[in-house]
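Me: I'd like to understand how two parts of one chain meet. Could you take me through it step by step?

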Amino acid sequence: MTIETSDPVLVQPGVPLLEVEDLHVEFHTRDGVAKAVNGVSYKVHPGETLAVLGESGSGKSVTAQAVMGILDMPPARIPRGAIKFQGRDLLKMSNEERRKLRGQRMAMIFQDSLSALNPVYSVGFQLGEMFRVHRGMSRKDAKAKAVELMDLVKIPAARTRVNDYPHQFSGGMRQRIMIAMALALEPDLIIADEPTTALDVTVQAQVMGLLAELQREFHMGLILITHDLGVVADVADNIVVMYAGRIVERAPVHAIYRQPGHPYTKGLLASIPRLDLKGQDLYAIKGLPPNLMRIPSGCAFNPRCPYARDVCTTELPAAVPLGTGRESACHFAQAVLEGEVAADVH
Amino acid sequence: MSTEPVLRVENLVKHFPLTRGVLIQKKIGAVRAVDGVSFDLQPGETLGLVGESGCGKSTVAKLLMNLERVSAGRIVFKGQDITHASGSALKAVRRNIQMVFQDPYTSLNPRMTVGDIIGEPYDIHPEVAPKGDRRKKVQDLLDVVGLNPEHINRYPHQFSGGQRQRIGIARGLALNPEVIICDEPVSALDVSVQAQVINLMERLQGEFGLSYIFIAHDLSVVRHISDRVAVMYLGKIVEVGTEDQIYEHPTHPYTQALLSAVPVPDPEGRETRERIILTGDVPSPANPPSGCRFRTRCWKAQDICAKEEPLLEVRAGLGDTAHASACHFAEVMEIVHTTN
């Protein structure tokens, strides 16, 4: 009835599983070039859960799609950057080589399971496909494997339900089938893009608990993409916060909730409804997320930032180190961290 | 609270028939979306309605708006029975009960300007604003909800999600209603924009003396804005009480499970946090379990739960935080669910 989460995995020495280096992704549209990702770097180690936190349009999903190699190019283009998986640059590989990695070494869990699963094939067929295509198994063996997987993700009566179609399952069960499919070939890296956003909280707790349990069991690296500060606090080891295609802050999970080092993170945390602020106005970050075709000069957050000074509109802030495994891309990172409150926060 | 409630709902029932056959339709059952829901809404109060998808909370909203006809039960607005209102009587009622929808993208007509969208209620109720006055009124409303009055001729696509939700709220305010039913008003918005809209709604409530029915699945948002909260499960209210009673002293196992499932935005102590994980899924409302509807997922369930339906009532022995709960074994359980 209860689940426990393990101690956070800290950044370890040794070869990271995944290294994204200075990645840029842009979309060429009729109206101009949308710069979705503007120099993102992060690492994921085996067994680590890295949460990528951001709002819609922050580039968190596009980065993940670039890692998986499922961006439509065109309109997308990767003008710069490297994505090293177990030391090899994915961007220099042929499509054939990348296809072999997908599913086998890295897999993705999508938000909307109803559109991610094919409605005209049974779930057993779709699960078994992993084994038939990648492992050359017979239909019969593949189906047996599918039943095993459905058992693993705790679908009741897996043997009788293996021939059911996606619409015959509830949202939570479909999401578990997506997890089963991602885990089928025991990959080293799982990317989960808002895996529980479409689910109710009680089912969300089931699914996240399952994912955490299986991740521990198979010692996989997990990239969890989400906008939910609650889910992140529950399962992440390390966090990167994205805004307008850039990483504005990175930190181990405990540190960032205790003491955010970037005004955007601080604003997000402050805008969560809290008990002691009942009856008062919530802190609201003013303004709107930027249009990716017209990202503000200097720091992209400057028009919404209570700390902004002149330098913020002219100079792109570099990442300021803030202690072990922490950095913040803000000209006033140290002041933000130390809780120096600018005029109109709170 | 001895004042007369602005809205009273008694034993509201909505069954959607399930039929078989194309030409000759035979009724083979019913989806019992709402099955005996009662509550009061006091003037100036916010009643939060929470529950998972399929629990009937949005159907309740539609019934209150008379967008769906009730199967049984009564809806009373300021002493007047409006359950079966139609024609001009219904028109008069709707002036006083307005709705703000979840999705600011589909609830605004893309071919109408913002001015036309917000001003449309005046076409139906010309007595509220004489023709010559309307433009001014709409501009005032835009100003009230924090939008630029000069943008009156723009189209919805020229606004962001948060701004569109403000337009929806302005439309809801146009006829000076007394009750606004908000069906998931912030769940489609980005986190950094949600707080802006919640603050706006709270400000407007004070300014115009509005009563809100606030439907949402985000329990922390509901707690922030609500005075009282009703928890729904499979078409019934399982527990109702003040915000503090529900969140600090929940007595129904479903409420406890729901609260404990909400991820806490604070990693401290997560290694030792106890959490109730419900097994299985919500049963089909076409064929709800006998007795207590939650018993199939409940860890406290015993024989009596299958036989006897627990009533929503205040039970003895629960101390000074006692409030109505529909469980045979109601008892307080503290749930760590939010930061302090």
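This is a predicted model: local features need pLDDT of at least 70, side-chain atom pairs count only at pLDDT 80 or more; totals for chains, interfaces and linings use all residues.

Me: Then what makes 9 residue pairs between domain 1 of chain A and domain 2 of chain A count as being in polar contact?

Reply: The cut-off here is a pair of N or O atoms within 3.5 Å, one able to donate a hydrogen and the other to accept it. There are 9 residue pairs in polar contact between the two domains, with both residues at pLDDT 80 or more.

Me: Which element gives the largest share of the side of domain 1 of chain A that touches domain 2 of chain A?

Reply: That is β2(A), with 11 residues. The elements giving two or more residues to this side are β2 (32-44) and α9 (229-235) of chain A.

Me: How do you know that residues of the two domains are in contact?

Reply: Contact means heavy atoms within 4.5 Å. By that test, 21 residues of domain 1 of chain A are in contact with 17 residues of domain 2 of chain A.

Me: What area do domain 1 of chain A and domain 2 of chain A bury between them?

Reply: They bury about 1,500 Å², with 59% of it on carbon and sulfur atoms. Asn38(A), Glu55(A) and Leu229(A) supply 36% of the area that domain 1 of chain A buries against domain 2 of chain A, more than any other three residues.

Conventions: Residues are numbered from 1 along each chain as its sequence is written. Chains are lettered from A and ligands numbered from 1 in the order in which they are written. Side-chain values use heavy atoms; hydrogens and water are left out. Buried area is the accessible area (1.4 Å probe) that two parts lose on being put together, summed over both. A polar contact is a pair of N or O atoms within 3.5 Å; within protein, one must be able to donate a hydrogen and the other to accept it, and residues adjacent in sequence count only if both atoms are side-chain atoms. Helices (H or I, at least four residues) and strands (E, at least two) are DSSP runs, numbered from the N terminus.
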